[in-house]
Amino acid sequence: MTTDVQKRDSMSTPTLAPHRAAPTRHQPPERRVGAGVFDSRQLLRSLPDAVRKLDPRVTVKSPVMFVVWVGSVLTTVCSFADPGDWFGWTISAWLWLTVLFGNLAEAVAEGRGKAQADTLRKARTDTVARRLVDDREERVPGTALRIGDLVVCEAGGVIPGDGDVVEGVASVDESAITGESAPVIRESGGDRSAVTGGTTVLSDRIVVRITTRPGETFVDRMITLVEGAARQRTPNEIALNILLASLTIVFLLVCVTLPPLAGYAGTHLSTVVLVALLVCLIPTTIGALLSAIGIAGMDRLVQRNVLALSGRAVEAAGDVSTLLLDKTGTITLGNRQAVEFLPVRGSTEVQLADAAQLSSLADETPEGRSVVALATERYGLRERRRDELPGAEWVAFTARTRMSGVDVDGRRIRKGAAGSVIAWAEERGGTVADDADGIAHRISEEGGTPLLVAVEDARGARVLGVVHLKDVVKPGLRERFAALRRMGIRTVMITGDNPLTAKVIAEEAGVDDFLAEATPEDKMALIRREQAGGKLVAMTGDGTNDAPALAQADVGVAMNSGTSAAKEAGNMVDLDSDPTKLIEIVEIGKQLLITRGALTTFSIANDVAKYFAIIPALFAAVYPGLGKLNVMGLSSPDSAILSAVIFNALVIVALVPLALRGVRYRPVGADRLLRRNLTVYGLGGLIAPFVGIKIVDLLVSLIPGIG
């Protein structure tokens, strides 16, 4: 993001001023990251894909579920060897269902991505490009374009590939990509030069330099990513897989040592029983849901029009401890707004508002329009248009004069920068009230911008008062920053303003620190300092000068409206080009980590009940004392083992919606969050299986020969 003003030459180092936001009088209500939408019909639609995933070449990617797959094969072989063993057939069927249910979770998550990919494919069309070669045009298929080619795009035409505008300005319809119906402006030479293949030019003519090869466009990458075909496992996911694999090996060794012990005790353990015991002991629940949790996390970002170029970026967002936020457009509304009229002695607010409104009708800048709006809304002045004053001579605002105004009805009114307006009044022999300079100075000290309004009439030239322009902080940000602070995340505002102005805005917004008079080099240095202290950093950017910092940040969110260089450097792209969405991205990342941790806790905790179900069933006949462990009062050994296996399969299906929606996230401290999750998912994981296995046992015991 380009800075607001250039860094002063007199400043040799950037100013990093720490600031703690003052506590608010009323604690804001807790915000929550809502869960994603889940449709139960997705389970049925994804069933064919789940069946195809029974291929061992697919299942082997999940060590835990591959062990269950091998166990299913072993019990099936044993059942064929003894066709009359109904118990073996039943166990085999439920083990295959366990693998199928695990595949179903991943298939549902991928299915949601494929639905989004189908929508994106509609935006990808085969177009004929008008390529420029030696100042002449030639028509070629879009697939024949190469990096560096120049193509002409005019109103009504489809842009054939990703690139940067190098000539002209045009209105472009990007609704096929972003879902936003309002057209956007794309022009050469700025931070809004990037265009996306498949979007439509609505007006004018532009020349685009192609920056990607066919098949590697932004839409192509989006399709590949949302379908999950290019999803790579994140470091945390790999580490958790290693842990689950280690636990599986431990329980496998335990099960291998049981037959000799059983033989010594005078009993026999069949292969079917041993496999059932192994499957119930290993963490099958999280093993089945782990991949779906990661895919669903990226899907939640896509639902919010954010494309994560890697799962690692989503995960890193959950561990971010420092947020770098540009002032303009992120913390403030982007353009300074008129907030009050301050008349000098001898003038009234109404006189000042009337003159300010008239003089701003020729000022087409956002600041000028805000003056008109303030005069109309606060003082009830009738909204006027230029065509209502046929004899008026309008003075448009220019960067040279730094004034706008009007000559009408014997009055000459000017509004603009203090120096320009004072010089205009003095040239006409006018006076400047003593308090005008004091009012302007006070506004400057508060971080605002003073605009003077002067009039020349029969009484002579004089200054009427001052218009206070200020950066308006977006509503609700202070509460959001307070919530981030409770989560242990530090917010730093980046601005090109001088330290005085930056300090005022930082205090009003409630950020923790600010970096004033910042240059791209200063941003990079700040990111490296934070990372050297062991912190993960997130930031947004849209310009080519932001690319190095976006690449250096752990989470770099590039605006879709920005340059190709920025989008290539970042690891996320916001299709809505809304810098404030960075806060929501961090919350979604934390929700992903919390969901994974909560379901891991539940999976390990619910194994405890299975010990009380299966161990007594195996050895109670030999060691009657173990019968005391049958706290659930299960009806028979066969029923106990079968009930545990059935519950082990059904709990996966029951948790699929939670894995896809994500655990509802509250911006609270880590200790409170840990206590809550241990209570809900740790204690819940202990209690739920005791209840579930007993209910299944009551149903199974009704089958003749089992009870």
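Residues are classed here as buried at under 20% relative accessible area, exposed at over 50%, and partly exposed in between (1.4 Å probe, protein chains only). The model is predicted; local features need pLDDT of at least 70, side-chain atom pairs count only at pLDDT 80 or more, and totals for chains, interfaces and linings use all residues. Residues are numbered from 1 along each chain as its sequence is written, and side-chain values use heavy atoms, with hydrogens and water left out.

UniProt positions follow the numbering used here, feature names are shortened, and annotations may be inferred rather than shown by experiment. An unreviewed UniProt entry lists Asp542 and Asp546 under "binding site". Asp542 lies in the loop between β20 (537-541) and α20 (547-552); helices (H or I, at least four residues) and strands (E, at least two) are DSSP runs, numbered from the N terminus. Asp542 counts as buried because its relative accessible area is 9%. Asp546 sits in the loop between β20 and α20. Its relative accessible area is 1%, so Asp546 is also buried.

The "active site" feature in UniProt (unreviewed entry) falls at Asp326. Asp326 belongs to strand β11 (residues 322-326). With 6% relative accessibility, Asp326 is therefore buried.

Backbone angles were considered next. Most residues other than glycine have a negative phi. Asp204, however, has a positive phi, near 65°. Asp204 is placed in the loop between β8 (200-201) and β9 (205-210). A relative accessible area of 48% makes Asp204 partly exposed. Asp409 also has a positive phi, of about 50°. Asp409 occupies the loop between β14 (403-408) and β15 (411-417). Asp409 is exposed, at 71% relative accessibility.
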